[in-house]
Structures are given as structure tokens and as C-alpha cells.
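This briefing concerns the model shown below.

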Amino acid sequence: MDTGAAVGWPYGVPGHLAPRSAGWVPTPFRQFVLKVRSRCNLSCTYCYVYSQVDESWRDQPVAMSEEIVTVTAGKILDHAQRHGLESVEIVLHGGEPLLAGADSLRAVARTFRDVVEPFVSVQFSVQTNGTLMSDRILEACLAENIQVGVSLDGALTHHNRRRPRHDGADSLRETTAGLHRLTSARFRPVFAGLLGVIDPLSDPLEVYESLLTWEPPAVDFLLPHGNWTVRPPGRPADEQLTPYADWLVPLFDRWYDAAGEEVEIRIFQEIMVLLLGGHSRLETVGLSPSTVIVVESDGSIEQVDALKSAYHGAASTGLNVLNDGFDQALRHPGVIARQIGRAALGEQCGECRVRNVCGGGFYPHRYRRGDGFRNRSVYCPDLLALITHIDARVRHDLERARVHAR
Ligand code: SF4
């Protein structure tokens with residue numbers, strides 16, 4: 001277990017974050033990820049919670065108690081009112097959150113509606129592997145307006161070979177049955193979209209076409225987590241090779257050239273917004289401050305949990321909702337580092353021509369044991385190739401439109 005890695009930027013040297021964060025004004029948290037269950041019924045090979053270096057899940061209670069839910073709701077209300085927020089987003093997460101069952105999900109939502117919603121609007125979502133989407137659970141989601149996002153790497157068995165059950169059996173049959181329910185006329189209003197982790201060995205167009213059969217409102221494609229110490233699968237040291245860009249570029253062209261808008265693919269949309277001078281809503285690209293914070297099932301306040309792919313305890317803040325508030329988390333070095341944008345970038349990113357669009361990539365992907373997180377992304381060659389390609393396509397179309405407008 002890699003436990004000794006909390007050295008290097010932004011940790012280790014007292015005060016060395018200060019020069020980079022001078023003038024920084026904290027941005028309040030707006031998205032609160034609640035780990036309502038700390039265990040999962042699948043055993044995905046790329047899972048950063050159970051399959052990588054962090055083993056803190058073993059110390060967590062299986063379920064978030066009513067007390068933790070109620071205290072968390074109160075602390076979120078405090079934070080929102082202190083910062084004048086009109087709305088907050090609550091993401092029910094796990095492990096597998098639907099292991100909680102319909103009654104427990106409803107109870108969590110009702111607690112927030114009772115405590116927070118009289119003062120601050122609350123949007124709920126749940127991120128699930130889809131294997132437990134019974135009519136009863138979906139009725140609860142519909143009744144409480146909990147938007148349902150489903151993790152699925154494609155609609156065919158071979159796309160999902162990395163998402164087995166604990167006994168090794170295929171999980172796609174249950175997920176497919178759940179998706180048939182979720183996409184029925186009754187439950188479609190709570191269908192938020194699909195989320196897939198990229199397998200560079202798969203055919204991107206086959207994956208995309210298969211996901212489109214569910215007519216999702218949005219599809220998110222994620223890079224598997226890794227860093228300079230533990231490289232992501234299929235990301236070679238040879239910087240001339242760009243297997244993830246090679247996967248994403250044809251997918252972008254297929255999506256961009258479609259006759260109408262088929263689906264929202266946020267990674268592409270956000271890169272285009274950034275190229276046109278806007279701000280990203282995603283933490284994975286751009287320089288916008290992160291506003292995501294996690295509450296574990298025992299009430300621990302943690303940073304974005306993808307950090308668990310870096311080293312054991314990397315997401316920890318040492319805070320707990322039973323004793324602390326979210327404003328204290330805003331002063332944690334790891335949180336500050338994810339809010340100061342350009343000042344958190346390493347030298348190579350600082351000089352990079354796509355710096356403002358790429359933003360150095362997702363913070364956990366910058367980690368290198370010994371010197372911390374002030375590095376470029378381990379996906380740097382892929383990000384550069386993808387952004388350069390999208391930039392060329394968008395510029396070409398803008399120029400053509402300008403000529404036609406003369
Ligand atoms: S492309 Fe590479 S060097 Fe440029 S900002 Fe992204 S990670 Fe940094």
C-alpha cells in the first residue's frame with residue numbers, strides 16, 4: 001500500500017502554497033458528493049476506490065447513518081447561506097448507492113428537502129452501475145426528482161468486460177434490464193445520461209453508436225485514472241504515442257459532423273467553450289476552480305475521490321461533518337490547489353499554448369510520487385492532440401462562416 005506519498009506540492013513544505021495562492025478568494029462548494037454506501041456489487045478493474053492504492057474504504061461503515069445525513073444537510077445549509085448560494089447539487093454516490101434501497105434513498109432526499117430546501121434549492125442526482133434499477137427504486141427517484149446517471153462502457157458485452165461482478169460474471173444483463181426500465185416513458189424524465197470509462201482497445205464509433213441506442217440526454221467519456229507513478233492502462237511512456245486522443249478524435253469528428261445534435265458530450269462541448277474564451281463546468285479541463293467536495297459514509301470530508309488513485313489517504317482532509325464545517329475544507333491545501341487555476345500549474349503547462357483550455361488536465365492525473373501535483377497531466381500528449389484537433393475544426397468552420405457572411 002502506498003501510504004507515504006503526501007509529500008511534494010501542495011504538501012510537505014510549510015507555507016510553500018502561500019506564494020501561489022496570494023490573492024486567491026475561496027470559491028464555495030456547490031456540488032456535494034455523498035457516499036451513501038461504501039461498498040459495491042461490481043468489481044470494475046479500473047475502479048479507483050477498490051482496485052487501486054487507497055484502501056480507506058475498508059474503514060468506512062457500509063452505510064451512511066441517518067445522523068450523518070442530517071448533520072451533513074445542516075452543514076451544507078450553513079455553507080450555502082454563509083456564501084449566499086441559491087442552489088446546491090447533491091450527488092448520491094458510492095460504492096453502489098442503489099444498494100441503499102428505495103426507502104433509504106427517499107429518506108436521504110427528504111432530509112435534505114426538510115433541512116436545506118426551505119432556504120436553498122437542491123438538485124439531486126445519483127450515479128449508479130445500473131444493476132439494481134428496479135421499478136421500486138426508480139419510483140423513488142421519480143418521486144424525489146433524483147436524476148439518474150448510469151455507468152456503462154458501451155451497450156455490448158465486450159465493451160463491459162472490465163465491469164464484472166465479484167464472482168467474475170458479466171454485469172451487463174442486469175444493467176441492460178435496468179436501462180430498459182429507466183428509458184421507459186414513465187422513468188425517462190429522471191434519465192440524466194451515461195458515463196463510460198475509455199478503453200483505448202475498443203472501437204470508439206462502435207461504443208458511441210451502441211450508447212446512442214439508449215437515446216441518452218448526455219454521455220460522459222472519462223479517462224481512466226492514473227498518474228506519473230502508476231501510469232493509466234494503455235498510456236505508454238513514449239510521448240509520440242497518443243492512444244486516448246486516437247480514440248477521442250474520430251469520436252469527436254463523428255459527433256461534430258452529425259446532422260443534428262445527437263447527444264451532449266461534455267468533454268467536447270467544454271473544450272469548444274474554452275477555445276471560444278468561455279469557462280469550463282468540468283474539473284477535467286480548463287482552469288475553473290473546483291467546487292466539488294465529498295462526504296464519506298462516516299462523515300469524513302474528503303477531496304475529489306479520484307485522488308484515491310494517487311496514494312492511500314490522498315483524498316483525506318482530516319475533517320468530519322460531526323466536528324467541522326465545509327468552510328474549514330476550503331482552507332485545506334489540496335482544495336486550494338484545485339481552486340487557484342493557473343497558479344497551480346507546473347512549468348511545462350505554464351508555457352504551453354493550450355494551457356487555458358487544457359488547464360494541466362485533471363488534478364489527480366498530475367501526481368508523481370515525491371514531488372506531488374505540480375506537474376503536467378500524464379495524459380499530456382493525448383490532451384494536446386485532442387485540443388489541437390478540435391481547435392482546427394472549430395477555427396476552420398468559423399473562418400468559413402466569416403467568408404460566407406461577407
Ligand atoms: S497539454 Fe500538457 S503541457 Fe499543455 S496544459 Fe495540458 S498537460 Fe500541460
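Just after helix α8, Gly 277 adopts a positive phi of about 95 degrees. The model is a predicted one, in which local features need pLDDT of at least 70, side-chain atom pairs count only at pLDDT 80 or more, and totals for chains, interfaces and linings use all residues. Residues are numbered from 1 along each chain as its sequence is written. Helices (H or I, at least four residues) and strands (E, at least two) are DSSP runs, numbered from the N terminus.

**Helix α8**

- Helix α8 covers residues 266-275, and Ile 267, Glu 270, Ile 271 and Leu 274 are buried in it; a residue is buried if 20 or more other C-beta atoms lie within 10 Å of its own, exposed if 12 or fewer, and partly exposed in between, with C-beta atoms placed from the backbone.
- An α-helix has 3.6 residues a turn, so residues three or four places apart point the same way.
- The buried residues of α8 pack against β6 (218-222), β7 (264-265), α12 and α13; two residues are in contact if their C-beta atoms, placed from the backbone, lie within 7 Å.

**Helix α4**

- In helix α4 (residues 135-144), the buried residues are Ile 137, Leu 138, Ala 140 and Cys 141.
- They lie on the same side of α4, because the arc they cover around the axis is only 150 degrees.
- Asp 135 and Arg 136 are exposed residues on the face of α4 turned away from its buried side.
- Packing against the buried residues of α4 involves α3 (102-115), β3 (121-128), β4 (146-151) and α5 (172-182).

**Helix α7**

- Helix α7 (residues 243-256) has 14 residues that should span 20 Å at 1.5 Å a residue, and its end C-alpha atoms are 20 Å apart, which agrees; the expected span is 1.5 Å times one less than the number of residues.
- Its buried residues are Tyr 244, Ala 245, Trp 247, Leu 248, Leu 251, Phe 252 and Trp 255.
- Viewed down the axis of α7, these buried residues fall within an arc of 155 degrees, so they line one face of the helix.
- The cover over the buried residues of α7 includes α6 (204-212), β7, α8 and α13.

**Nonpolar core**

- The largest nonpolar core has 100 residues, and those with the most contacts inside it are Phe 32, Leu 34, Ile 90, Leu 92, Ile 146 and Ile 387; such a core is a set of buried Ala, Val, Leu, Ile, Met, Phe, Trp, Tyr and Cys residues joined through C-beta atoms within 7 Å.
- Helix α7 supplies the largest share of this core, 7 residues.
- Apart from neighbours within four places in sequence, Ile 146 is in contact with Leu 92, Leu 105, Ala 109, Phe 124, Ser 125, Val 126, Cys 141 and Val 190.

**Ligand shell**

- The ligand is surrounded by 13 residues, of which the closest are Cys 349, Cys 352, Cys 358, Arg 376 and Cys 380; a residue is near a molecule if its C-beta atom, placed from the backbone, lies within 6 Å of it.
- The elements giving two or more residues to this shell are α11 (347-350), α12 (355-358) and α13 (380-405), and α13 gives the most, with 3 residues.
- The shell has 7 nonpolar, 4 polar and 2 charged residues; Ala, Val, Leu, Ile, Met, Phe, Trp, Tyr, Cys and Pro count as nonpolar, Asp, Glu, Lys and Arg as charged, and the others, Gly among them, as polar.

**Backbone geometry in loops**

- Asn 145 is in the loop between α4 and β4, and its phi is near 50 degrees, a positive value in a residue other than glycine.
- Asn 145 is partly exposed, with 14 other C-beta atoms within 10 Å.
- Glu 215 sits in the loop between α6 and β6, and its phi is likewise positive, near 50 degrees.
- Glu 215 counts as exposed, because it has 11 C-beta neighbours inside 10 Å.
- The peptide bond from Trp 9 to Pro 10 is cis, with omega near 5 degrees, and Pro 10 lies in the segment before α1 (18-21).
- Gly 94 and Gly 95 are joined by a cis peptide bond with omega of about 25 degrees; Gly 95 is in the loop between β2 (87-93) and α3.

Methods:
The arc is that of the directions from the helix axis to the C-beta atoms.
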